[in-house]
Amino acid sequence: MTEVDGRPLKLSNLDKVLFPNGFTKGEVIAYYHAIAPIMLPHLAGRPVTRIRFPNGTDKASFFEKNTPNGTPDWVHTHHVLGHSEDIVYPIVDDTPTLVWLANLAALELHTHQWRAAPDTTETTINEDLPVDQLVIDLDPGPGVEMPLIATAALLIAGELGDAGLVSFAKTSGSKGLQLYAPLEPTPVGPVLAWVRAFGEKLVELHPELFVTEIAKAARAGKILVDVNQNLPGRTTVCAYSLRAKDEPTASTPLTWDEVEAATAGEPLRFTAADVLARVERHGDLFEPLLTGRRGHLPA
């Protein structure tokens with residue numbers, strides 16, 4: 001038994017290898033403990049879905065929404081009522097909760113685009129639910145490499161800027177990039193309608209580059225603009241979350257200079273160690289999503 005910020009935690013199997021490159025469960029816990037001061041503000045208030053890999057990233061995983069049996073009584077939770085779901089999610093608002101999830105081999109943490117209202121324990125999913133950010137998820141189809149994805153991200157950032165929205169980019173930690181724009185709290189219905197129209201506009205302007213169809217056959221050589229990540233029941237990988245790959249890559253905030261350099265072939269793939277070094281050097285590049293100017297949904 002150990003303590004993390006005064007909370008008792010039993011950490012187990014610290015030497016267990018969870019990534020094929022040899023990265024262990026103990027190293028996963030150490031990463032999340034180290035990144036906690038930067039990551040927690042992006043998790044705070046947002047119900048978290050987890051993808052757990054109890055036997056490593058090359059073995060079976062499972063997607064978890066509800067809090068599991070044995071959840072400590074000090075973990076904050078939030079009840080979410082949807083059209084077909086009734087879920088009690090954990091709220092990851094302190095370091096002990098983040099370490100507890102890491103000990104469960106919850107390698108990936110995914111969050112909604114809305115936050116639970118302060119001092120509430122329940123949220124109902126509907127079109128009036130206020131979101132405080134929108135996301136444009138760029139998912140490359142077969143044959144698409146990072147230089148083209150980065151070019152697309154710059155193009156989309158320009159279009160968002162023309163609409164009066166400031167955007168920030170991060171890697172997905174996998175193959176794609178994601179652009180976020182902070183919003184004044186806005187009902188999700190109008191946000192979703194606007195983002196869908198925005199995606200259709202991108203396809204109309206650049207049919208050789210973008211699709212909004214999910215079918216893989218339509219995506220070969222193109223980039224899926226996945227606007228459905230803005231649905232109130234959907235979640236997107238949180239900034240600084242690990243991803244379940246051959247090595248512990250993480251979803252990493254970027255500078256626009258880095259995105260531009262990637263159009264010429266500079267890699268945008270960062271491991272846990274890279275992320276911690278970047279934070280030491282740059283701080284939180286996604287901090288403006290929390291404290292910067294919040295945009296208004298364009299007409």
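I take two strands as paired if DSSP finds at least two bridges between them. Helices (H or I, at least four residues) and strands (E, at least two) are DSSP runs, numbered from the N terminus.

I note that this is a predicted model, where local features need pLDDT of at least 70, side-chain atom pairs count only at pLDDT 80 or more, and totals for chains, interfaces and linings use all residues. Residues are numbered from 1 along each chain as its sequence is written, and side-chain values use heavy atoms, with hydrogens and water left out.

Sheet. I looked up strand S5 (residues 77-81) and found it paired with S8 in the parallel sense over three bridges. Leu81 stands opposite Thr124 in S8. The open sheet has three strands in the order S6-S5-S8, and its pairing is mixed. Strand S6 (86-90) and strand S8 (122-124) are at the edges with a single partner strand each, so one side of each has no neighbour in the sheet. On average, neighbouring strands of this sheet are turned by 25° against each other, direction ignored.

Helices. I then checked helix H1 (residues 25-43) against helix H2 (residues 95-103): they pack at an angle of about 140°, with axes 8 Å apart. Axes are lines fitted to C-alpha atoms, for helices over the stretch in contact, and angles run from 0 to 180 degrees between N-to-C directions. H1 is therefore oblique to H2 (under 35 degrees is roughly parallel, over 145 roughly antiparallel, 65 to 115 roughly perpendicular, the rest oblique). The contact (heavy atoms within 4.5 Å) includes Tyr32 and Leu40 of H1 and Leu98 and Val99 of H2.
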